[in-house]
Amino acid sequence: MIEKILVFSFSFIGDAVLSTAVISPLRQHFPDAKITFLVGVRAFDLLAADPQVDQVLVYDNRGEHASWWGKICLIKLLRREEFDLVVDLRDSVWSRFVGGKHWGMRLRRGNIHAVTRYLDVLQQRGLNVDGARPQLQFTPSSLSKRDAFLTKNGVNRHQVLVGIHPGGNWVYKLWGPESFAQIADRLCEKWNAQILLFAGPDERELQAKVANLMHRQPICVKADDLCQVAALIAACDFYIGNDTGPMHIAVAVGTPVVSIFGSTNHHRNGPYGEEHIVVHSGMELGCNPCHPGKRPGGCGKGSCAVIEAITVEQVFNAAEKLRHIKCD
């Protein structure tokens, strides 16, 4: 009998959010089981506040669990929990030492979306994954804080609210700040939109630069609390951003997304679901899709011509298309 389930999730926020797609199928198949997620430090607060998850534990692979001794200590801690089933989405060797049944990933080649690969772990064991997708839920406290922020900043619920995040964890994935400022201005002019401008803790300078380039000042979201950020993204009518964690948060809270891709593979890492639009220039350099792996930006140029070639007009047209789809 499966009473306690451990999901080996991820360190990066976006990957951890995508892994929430397994929650619904697990709940349906094991309705009485306690579900625990093992995530990185950065994703901990977001999932720990999600009422869908019973428990969240930290795997600090760059801190206390980086060494072999650190991993051994974590394994001992996990073994004490006596999990009946380990669902390993990381394809980690040491997950096999935790105890209980082990469900791991199988090798699948090609441009297969990350969520499809995660759900395959369950599907190959007979679980129904129809309709499963990344999903985040909020506590009443998170929603109350969100509403207070919107009221304090004069957000008019009768106007279109667009969330824009110009940042990301890798310079080769970033569309230019000038371009983000221009698309924000275009939406303000054409849609009479209000802009929530998001930024991570280390992206305040970029956020200020985009805001200063805009003709109409946005509402700058400077909260470090990921739960509040996610709740604010959920309040937006649309979201525009690079290939980064907040893009996947937008998908998981049901906000239609226009995502900007150049260097990375949108087939594997793009917004999950047909209700979102990926914008890319179509340029082929022979080196893309690139990836922040062992040699990030092996070209050494410091930026990616593929994403720089994306025009404001392309992004605006995608937003217009998404708006028409939503209105219909």
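I looked up Asp 54 first: at 43% relative accessibility, Asp 54 is partly exposed (buried means under 20% relative accessible area, exposed over 50%, partly exposed in between, with a 1.4 Å probe and protein chains only). This is a predicted model, where local features need pLDDT of at least 70, side-chain atom pairs count only at pLDDT 80 or more, and totals for chains, interfaces and linings use all residues. Residues are numbered from 1 along each chain as its sequence is written, and side-chain values use heavy atoms, leaving out hydrogens and water.

Which residue forms a salt bridge with Asp 54? I found Arg 27, with the closest N and O atoms 2.9 Å apart (a salt bridge is a side-chain nitrogen of Lys or Arg within 4 Å of a carboxyl oxygen of Asp or Glu). Arg 27 sits in helix α2 and Asp 54 in the loop between α3 and β3, 27 residues apart (helices, H or I of at least four residues, and strands, E of at least two, are DSSP runs numbered from the N terminus). Arg 27 is partly exposed at 24%.

Next I looked up Asp 147, which forms a salt bridge with Arg 157 at 3.5 Å between the closest N and O atoms. Asp 147 lies in helix α6, and Arg 157 in the loop between α6 and β6. Asp 147 is partly exposed at 32%, whereas Arg 157 is exposed at 53%.

I then noted Arg 204 and Asp 224, whose side chains meet in a salt bridge of 2.6 Å, N to O. Arg 204 belongs to helix α8 and Asp 224 to the loop between β8 and α9, so the pair ties together parts 20 residues apart in sequence.

For the total, I recorded seven salt bridges in the structure.
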